[in-house]
Amino acid sequence: MNIRSFRKEDWVQVKEIYEQGIATGQATFETTAPSFEKWKSTIAANLCLVAENEEGIQGWCKISKVSDRCVYEGVGEVSVYVRDVSRGKGVGKKLLQVMIKESEAKGFWTLTAGIFPENIPSLRLHQSVGFREVGIRQRIGKLNGVWRDVVLLERRSPVVGID
């Protein structure tokens, strides 16, 4: 599995993987994938990776800004999605491990994630790379007319922002 930076020509496969995640009802509040321009505009510091093998892109991971305020410039929200046939095979973990290193190289000291509590595989994945639960936002939003909670996780860098 090759982990590399996202390129514009990857969008068709990245969108397809995102739509597979949306279809589960357990990955996001989104019900449709955004346009390429909107999706790309949320990427912080060019931190977007894909996992690729001989069959194509099997997953992607990106970091979005949590705020435009300068005090939060080293804090980003992680999104990671894996193609349905590749889930449970280490793709997400490899993406997150590389993303953590790349984000630290760009000065990020905290990565956050918001995950539905029913999405146990995603919670375990994030915890396996050092994220910890910091709370639960109860009934934070509706998905298809149903109120959903979101578990908040964060990973604090042991090398950036330690002063």
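**Pocket lining.** I sorted the lining of the largest pocket by class and got 20 nonpolar, 16 polar and 9 charged residues. My classes put Ala, Val, Leu, Ile, Met, Phe, Trp, Tyr, Cys and Pro as nonpolar, Asp, Glu, Lys and Arg as charged, and the others, Gly among them, as polar. The lining comes to 45 residues, with Ala27, Thr28, Ser79, Val80 and Tyr81 nearest the pocket centre. I worked on a 1 Å grid over the protein atoms alone: a pocket is an open set of points where a 1.4 Å probe fits, with protein on both sides within 12 Å along at least five of seven lines, and lining residues have an atom within 4 Å of a point. The volume of this pocket is about 1200 Å³, taken as the space filled by probe spheres set on points joined across faces, edges and corners.

**Ground rules.** This is a predicted model, where local features need pLDDT of at least 70, side-chain atom pairs count only at pLDDT 80 or more, and totals for chains, interfaces and linings use all residues. Residues are numbered from 1 along each chain as its sequence is written, and side-chain values use heavy atoms, with hydrogens and water left out.

**Tyrosine 18.** I found tyrosine 18 in helix 1, residues 11–24 (helices are DSSP runs of H or I, at least four residues; strands are E, at least two; both are numbered from the N terminus). Is tyrosine 18 buried or exposed? Tyrosine 18 is buried, because its relative accessible area is 8% (buried is under 20%, exposed over 50%, partly exposed in between, with a 1.4 Å probe and protein chains only). Leaving out residues up to four places away in sequence, tyrosine 18 touches Thr28, Glu30, Ala33, Pro34, Trp60 and Tyr81 (contact means heavy atoms within 4.5 Å). Two of these names, Thr28 and Tyr81, were already on my list nearest the pocket centre.

**Aspartate 10.** I then looked at aspartate 10, in the loop between strand 1 (2–5) and helix 1. Aspartate 10 is buried too, with a relative accessible area of 4%.

**Whole chain.** I counted 4 helices and 7 strands, in the order β-α-α-β-β-β-α-β-α-β-β. Buried residues make up 43% of the 163 in the chain. Of the contacts between residues at least 6 apart in sequence, 64% join residues at least 24 apart.
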